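The following note sets out, point by point, how this chain is folded and which contacts deserve attention. Please read it alongside the sequence and the coordinates.

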Amino acid sequence: MSVADLLNGMPFADHLGLEVVEAADGRAVVELPMYGELSSVPGRQIAHGGVTYALADTAAGAAVISLHHKPTPTVDMRMDYLAPATTDLRAEAIVVRDGGSVATAEVTIEDVEGTHVADARGTFKTGGGGDGGAWGVTPGDDSLDG
């Protein structure tokens with residue numbers, strides 16, 4: 001199963017409308033159509049900050065997973081909100097550091113008009129568990145090798 005297939009099948013991503021367009025070699029692109037239920041302002045279409053955060057987290061996670069082919073839980077994510085998100089969004093993530101037990105990815109989010117909406121930097125747990133997994137517990141077949 002590919003990283004994109006795995007994440008596009010995630011119920012939360014499906015609920016929001018997130019689509020992993022690309023995830024390979026430490027890079028990912030995720031798109032999100034903007035619609036009324038994602039708004040934080042009644043009567044207007046302005047994405048709630050949590051929606052933008054979820055987009056960044058999904059993109060960064062997909063980039064890291066594309067290198068490890070197993071779950072890589074988020075440890076920390078920092079967001080800089082630069083402009084209101086009022087139209088469809090696109091996040092591009094790249095892994096900037098892939099260490100022995102954590103990886104760091106940077107994310108740029110723009111709207112379809114090219115407005116720079118947000119930047120994020122996330123840290124993800126990639127190993128260190130007793131079984132080689134992130135936490136040392138494997139709740140089923142989490143491998144992306146098949």
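1. Apart from residues up to four places away in sequence, L55 touches L18, V30, E31, L32, L89, A91 and I109; contact here means heavy atoms within 4.5 Å. L55 lies in helix 3, residues 49–68. With a relative accessibility of 0%, L55 counts as buried; the term buried stands for under 20% relative accessible area, exposed for over 50%, and partly exposed for the range in between, with a 1.4 Å probe and protein chains only. The C-alpha atoms of L55 and V20 are 9.8 Å apart, although 35 residues separate the two in sequence.

2. Basis of the note. The model is predicted, so local features need pLDDT of at least 70 and side-chain atom pairs count only at pLDDT 80 or more, while totals for chains, interfaces and linings use all residues. Residues are numbered from 1 along each chain as its sequence is written, and side-chain values use heavy atoms, with hydrogens and water left out.

3. Overall composition. The protein chain contains 3 helices and 6 strands, which follow one another from the N terminus as α-α-β-β-α-β-β-β-β. Helices (H or I, at least four residues) and strands (E, at least two) are DSSP runs numbered from the N terminus. Of the 146 residues in the protein chain, 41% are buried. Among contacts with a separation of 6 or more, 58% are between residues 24 or more positions apart. The chain exposes about 7400 Å², of which carbon and sulfur atoms supply 51%; these areas come from the Shrake-Rupley method with a 1.4 Å probe, and for residues only the protein chains shown count as cover.

4. The 6 strands form an open sheet in the order 1-2-4-5-6-3, with antiparallel pairing. Strand 1 (19–24) and strand 3 (74–81) stand at the edges; each has a single partner strand, so one side of each is left without a neighbour in the sheet. From one strand to the next the twist averages 15 degrees. Two strands are taken to pair if DSSP finds at least two bridges between them.

5. Helix against sheet. Which strands does helix 3 touch as it packs on the sheet? Helix 3 touches strand 1, strand 2 (27–32), strand 3, strand 4 (89–98), strand 5 and strand 6, and its direction makes about 45 degrees with that of strand 4. Axes are lines fitted to C-alpha atoms, for helices over the stretch in contact, and angles run from 0 to 180 degrees between N-to-C directions.

6. The nonpolar core. The largest nonpolar core has 39 residues, and L55, V107 and I109 touch the most other members. Helix 3 supplies the largest share of this core, 10 residues. Such a core is a set of buried Ala, Val, Leu, Ile, Met, Phe, Trp, Tyr and Cys residues joined through side-chain atoms within 4.5 Å. Beyond its neighbours within four places in sequence, I109 is in contact with residues including T52, L55, A56, M79, L89 and V117.

7. Salt bridges. The count comes to 6 salt bridges, each requiring a side-chain nitrogen of Lys or Arg within 4 Å of a carboxyl oxygen of Asp or Glu. D80 pairs with R78, the closest N and O atoms being 2.3 Å apart; D80 is partly exposed, at 32% relative accessible area. E106 and R121 meet at 2.1 Å, N to O. This pair links distant parts of the chain, with E106 in strand 5 (residues 102–111) and R121 in strand 6 (residues 116–125), 15 residues apart. Both residues are partly exposed, E106 at 34% and R121 at 41%.

8. A charged network. Salt bridges with shared partners join E22, R27, E31, R90 and E92 into one network. Within it, the closest N and O atoms of E92 and R90 are 3.3 Å apart. E92 is partly exposed at 36% relative accessibility, and R90 is likewise partly exposed at 33%.
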